Amino acid sequence: MGDENLDQQNKGDNKLQNFLNSNAGLTASEIKKLIDDDNLHKDVGFLAETEMGGQLINLYFFDIVEKIRFSKLQKESLRDTSTYNRHIAKALTEIRNALAVLFELKTSDNELKDILEKYLEFNIHVNTDNCWKEFDSLRGYNVFDSFVRNKDIEKFRNYHK
């Protein structure tokens, strides 16, 4: 009986799952927009082994690659370092949110390695308290924790905890 109540509670707590159950037929792009607009990045785990989960993985990978590509272009075109850093800080937040989705969808270490490297590189470049706090908010995901363990992250931080 207690397990049934817990299952009911868990089902009721997942806004994304409830929304999808009552709005069948949404496209992956529409679901991605809902996830991003309502900050539901950590609620997508139930889609991990579904076709929709695979489509979302592709969309989020594409998004991250585009953010990285655009950031590289901005670096070449923006002469003002502070303007570039503001742009990268915004991109870091969006990449962090996309990474949370990819972690929830059980994306493999190998698929995420290059993106995590670039995410770390951008954090090192911007090197602000807020960016590192967002970086640390991904702790608890096995893929991320393994990545952090294999790097000496603390040597890159410029603030005291």
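Which residues line the largest pocket? They are Asp-109, Asn-110, Lys-113, Leu-116, Glu-117, Val-143, Ser-146, Phe-147 and Asn-150. This is a predicted model, where local features need pLDDT of at least 70, side-chain atom pairs count only at pLDDT 80 or more, and totals for chains, interfaces and linings use all residues. Residues are numbered from 1 along each chain as its sequence is written, and side-chain values use heavy atoms, without hydrogens and water.

**The largest pocket**

- The largest pocket holds about 150 Å³ of space (the space filled by probe spheres set on its grid points).
- A pocket here is an open set of points on a 1 Å grid, fitting a 1.4 Å probe, with protein on both sides within 12 Å along at least five of seven lines; lining residues have an atom within 4 Å of a point.
- Helices α6 (109–126) and α8 (142–149) each supply at least two lining residues, and α6 gives the most, with five (helices are DSSP runs of H or I, at least four residues).
- The lining divides into three nonpolar, three polar and three charged residues.

**The α4–α5 pair**

- Helix α4 (residues 51–77) packs with helix α5 (residues 81–104) at an angle of about 165°, their axes 10 Å apart (axes are lines fitted to C-alpha atoms over the stretch in contact, and angles run from 0 to 180 degrees between N-to-C directions).
- That angle makes α4 roughly antiparallel to α5 (over 145 degrees).
- Residues in the contact (heavy atoms within 4.5 Å) include Phe-61 and Ile-64 of α4, and Ile-88 and Ala-91 of α5.

Conventions:
Angles under 35 degrees count as roughly parallel, over 145 as roughly antiparallel, 65 to 115 as roughly perpendicular and the rest as oblique. Ala, Val, Leu, Ile, Met, Phe, Trp, Tyr, Cys and Pro count as nonpolar, Asp, Glu, Lys and Arg as charged, and the others, Gly among them, as polar.
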